[in-house]
Amino acid sequence: ARVTDGVLCKQALNMFVSNYGSEAGNLALKVLCFGGMYIAGGIAPHVIDMIKEGGFVKSFSDKGRMKEMLMSIPVYIVMHKSVNMLGARVYGRRILRTQGHETGDDTEMIAMTEAADKKEIENCKRMECRIEQMVPRY
């Protein structure tokens with residue numbers, strides 16, 4: 001969804017971004033992710049400008065006495081378009097290995113997917129998978 005000139009559209013997106021930040025803050029409290037929270041998926045990269053200027057950070061940390069702790073947790077937006085597929089391939093390969101499917105034709109298929117994964121990881125390292133930090137550390 002892109003913000004157009006419509007006031008109502010912008011208000012709806014601001015409300016969404018605020019709720020997104022609030023729920024991300026709730027999750028951060030549940031799992032205590034002091035090393036950082038990485039938000040990946042299709043929505044955040046499309047509305048990154050609204051996240052930066054909107055109420056995401058305020059709603060993320062607006063948790064009363066827990067505010068200071070939440071402000072110390074960096075929040076990152078993963079900008080890679082297919083990071084979900086990379087993870088799915090790695091997980092699928094692990095399942096194949098645990099079920100003993102590394103012989104014959106399966107070995108060739110696994111080698112091909114491992115080569116594709118290595119290429120994808122190299123693309124990420126070349127900053128095609130940039131991560132934008134949203135909440136600075138104090």
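Author: Happy to. Helices (H or I, at least four residues) and strands (E, at least two) are DSSP runs, numbered from the N terminus. This is a predicted model, in which local features need pLDDT of at least 70 and side-chain atom pairs count only at pLDDT 80 or more, while totals for chains, interfaces and linings use all residues. Residues are numbered from 1 along each chain as its sequence is written, and side-chain values use heavy atoms, leaving out hydrogens and water.

First, some context. The protein chain has seven helices and three strands, which run α-β-α-α-α-α-β-α-α-β from the N terminus on. Of its 138 residues, 30% count as buried (under 20% relative accessible area; exposed is over 50%, partly exposed in between, with a 1.4 Å probe and protein chains only). Among the contacts (heavy atoms within 4.5 Å) with a separation of 6 or more, 79% join residues 24 or more positions apart.

How far can you trust it? The mean pLDDT (the predictor's confidence in each residue, from 0 to 100) is 76 for the chain, with 69% of residues at 70 or more.

Now to H1, your part. H1 has 25 residues and reaches 36 Å from its first C-alpha to its last, close to the 36 Å expected. For comparison, helix H6 (residues 83-98) has 16 residues and reaches 23 Å, close to the 22 Å expected. The buried residues in H1 are Leu-13, Val-17, Gly-21, Ala-24, Gly-25 and Ala-28. What covers the buried residues of H1 includes strand E1 (37-39), helix H3 (48-53), H4 and H5.

Ser-59 is found in H4 and counts as buried at 13% relative accessibility. Leaving out residues up to four places away in sequence, Ser-59 touches Ser-18, Gly-21 and Ser-22.

Lys-63 sits in the loop between helix H4 (56-61) and helix H5 (67-71). Lys-63 is buried yet has no salt bridge, and Glu-23, its nearest side chain of opposite charge, is 6.6 Å away. (Lys and Arg count as positive and Asp and Glu as negative; His and the chain ends are not counted.) With residues up to four places away in sequence set aside, Lys-63 touches Ser-22, Gly-25, Asn-26, Leu-29 and Leu-70.

Side chains of opposite charge can pair when their charged atoms come close. The structure holds one salt bridge (a side-chain nitrogen of Lys or Arg within 4 Å of a carboxyl oxygen of Asp or Glu). Asp-62 forms a salt bridge with Lys-58, the closest N and O atoms being 3.8 Å apart. Asp-62 is partly exposed at 49% relative accessible area, and Lys-58 is exposed at 59%.

Most residues other than glycine have a negative phi. Phi of Leu-32 is near 50 degrees, a positive value in a residue other than glycine. H6, in turn, is followed by Gly-100, whose phi is positive, near 75 degrees.

As for cysteines, Cys-33 counts as buried at 15% relative accessibility, whereas Cys-9 is partly exposed at 32%. A search of the whole structure finds zero disulfides (pairs of cysteine sulfur atoms within 2.5 Å).

Key
Expected span 1.5 Å × (residues − 1).
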